[in-house]
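Please consult the sequence and the structure shown below.

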Amino acid sequence: MSSQSEIVLTKVPVPLVAGFQWSVGELMEKFIKALADRKIWGVKCPECGYVYVPPRWRCGKCYAKLGEENLTELSGKGILLSYATAYVELDGAGSFKDLSEPKPIGAIKLEGADSTLFMPLGEVKPEELKEGMKVEVVWREEPKGELADIKYFKPAKR
Amino acid sequence: MRNVAIIGCGQTKHSARRRDVNLAEMVGDAVWNALEDAQVTPQEVDAFTVGNMQGFGGVAQPEQWLGDWIGAAGKPVLRVATGGSTGGCVAQAAFYAVASGLYDIAVATAWEKHSDSKEPGATTGLSHVALGNTINMINCGLSFKHLLSMTLVGAAAGVACYQAMYYMYRSGSRVEHLDMVAAKDRRNAAKNKYAHLQWPGCTPEDIAKTEWVAYPFRYGHICPASDGASAMVLACEDIARKRCKKPVWIKGLAAYSDEENQIMSEGAGGIGILDASQQIGATMSAIKAYRMAGIRDPQKEIDVAEIYQPFPNQELIFAERLGLFDEGTAWRALEKGETDINGRMPCDPSGGVNATNAIGSSALQRILECALQIMGKAEEHQVPKEVHNAVATGWGGATNYIAVTVLGDSPY
């Protein structure tokens with residue numbers, strides 16, 4: 001019988017790095033680039049009228065083909081459908097750490113859109129959040145044409 | 001078991017990078033093309049089978065993304081992943097769905113979006129696959145470098161080197177014959193508007209001028225890494241006869257694994273033999289599929305073959321395993337032009353995987369191309385003779401898994 005100390009353990013490093021560069025497709029590229037001009041593009045299905053943001057080229061409801069000609073600009077204002085608030089975040093070492101202040105996140109339906117966006121909420125205390133409240137987009141100071149140009153949504157001025 | 005036919009085919013243009021579409025849009029293109037070809041609406045489809053090479057493109061559960069892009073929202077979707085042979089197995093899974101009587105119309109679609117990986121070619125995808133597949137060897141304490149060189153012998157490309165060497169030694173063929181296969185496939189691909197590497201008038205001398213990659217292969221011998229997708233609509237007999245002028249019947253099929261498994265080979269404490277030129281799984285699959293199809297003499301009864309051949313030696317090896325030529329003689333038939341598009345036994349008139357390799361899709365494309373030949377819809381690369389029966393292969397798994405599908409213009 002072998003004793004505990006005779007068990008052989010070999011540490012084997014696996015030198016693998018897998019990097020990716022996903023193509024997002026033409027309509028999504030347009031959507032991302034338009035953020036530089038503080039514009040939010042959606043797409044309206046010519047068959048069933050459903051409005052998607054961000055845009056897509058095939059209607060997921062009725063399968064009609066959508067294209068650039070169906071792009072429609074949205075105002076950046078919308079309604080808060082639901083929300084959640086985070087009090088902890090991942091610490092990068094397999095555990096959690098407390099946030100210095102709570103981070104609210106919201107499900108937002110933009111004016112004229114049928115689909116829902118999930119975005120961070122700012123300039124608002126968690127206890128002030130309410131389903132149905134009006135919200136509006138807050139842009140990064142110098143938008144560059146990337147998704148991070150949308151900083152967060154805040155309660156809209158009355 | 002019910003008879004099953006292919007009633008529509010669709011594919012996308014293949015190229016090195018399809019930046020104009022994301023993965024879902026690209027697969028959607030192939031599916032909508034197939035539905036249009038079959039004159040079937042998405043509402044009429046009962047079930048979907050889908051697949052790509054597992055881990056490639058960095059999308060772990062692509063079927064979750066695809067649903068409403070391919071018309072599968074609210075429908076049964078089954079994902080199949082068997083490495084390089086995925087497309088063949090995706091098509092076979094759709095066959096089972098319809099043959100069993102469970103569904104009347106099924107769509108099979110397969111794809112690869114190589115360019116979503118950051119490194120060129122298949123490096124990232126293979127790393128991804130290797131990480132999962134090599135755990136059993138890490139268990140033996142082998143380092144990754146040793147795994148690659150000794151046991152995986154350099155993955156599919158390394159295996160193919162040995163495979164070509166074993167075959168050439170055994171059959172008496174030479175590197176010149178690899179040049180001939182590659183040149184033929186690139187010439188054929190030039191006639192196929194969907195193909196990736198198109199080289200009109202390519203000669204074996206042109207191929208022989210390209211640089212060595214790893215002996216016995218030159219750059220000109222090796223398949224590209226393609227972005228692309230393909231799809232087929234399968235239907236039961238009643239619907240196929242009503243809806244399609246020339247349905248293509250899936251007459252026989254089989255997918256066998258054999259012991260030529262590089263990952264559990266003799267080099268890693270397993271029993272897999274390392275002569276990957278044997279491909280016993282192909283022989284077993286062919287025997288089973290031909291018996292089911294009622295084919296007794298493939299040399300006489302098969303009119304065209306679409307063989308999975310990312311490396312040119314594989315066209316010769318698999319043609320023999322499929323019984324299209326006697327053992328060790330495929331290269332002689334190649335010399336005589338018998339495998340040309342207008343030859344006695346055309347092999348890969350589409351250019352095959354050697355010219356277009358969107359891995360997951362590649363084995364489904366072989367079946368699709370056979371269907372086009374039988375329907376008479378292969379356009380410029382249509383073989384100039386009547387096609388009653390055709391055979392398609394896929395090669396994958398851990399270089400040991402083969403899917404063979406026999407198709408015909410009649411179900412009997």
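Why is strand 10 (residues 389-396) of chain B largely enclosed by the rest of the structure? Eight of its eight residues are buried, so the strand is largely enclosed. A residue counts as buried if 20 or more other C-beta atoms, placed from the backbone, lie within 10 Å of its own.

## Basis of the model

This is a predicted model, in which local features need pLDDT of at least 70, side-chain atom pairs count only at pLDDT 80 or more, and totals for chains, interfaces and linings use all residues. Residues are numbered from 1 along each chain as its sequence is written, while chains are lettered from A and ligands numbered from 1 in the order in which they are written.

## Chain B as a whole

Chain B contains 16 helices and eleven strands; these are DSSP runs numbered from the N terminus, with at least four residues (H or I) for a helix and at least two (E) for a strand. Of its 412 residues, 62% are buried.

## The two faces of strand 10

In a regular strand the side chains alternate between the two faces of the sheet. In strand 10 of chain B, B:Asn389, B:Val391, B:Thr393 and B:Trp395 are buried on one side, and B:Ala390, B:Ala392, B:Gly394 and B:Gly396 are buried on the other.

## Neighbouring strands

Strand 9 (residues 304-306) of chain B pairs with strand 10 of chain B in the parallel sense over three bridges; pairing requires at least two DSSP bridges between two strands. B:Val304 has B:Ala390 as its bridge partner in strand 10 of chain B.

Strand 11 (residues 401-408) of chain B pairs with strand 10 of chain B in the antiparallel sense, over eight bridges. There, B:Gly408 of strand 11 stands opposite B:Asn389. Four residues lie between the strands of this hairpin, in which B:Gly397 takes a positive phi near 60°.

Conventions:
Buried ≥ 20, exposed ≤ 12 C-beta atoms within 10 Å, placed from the backbone.
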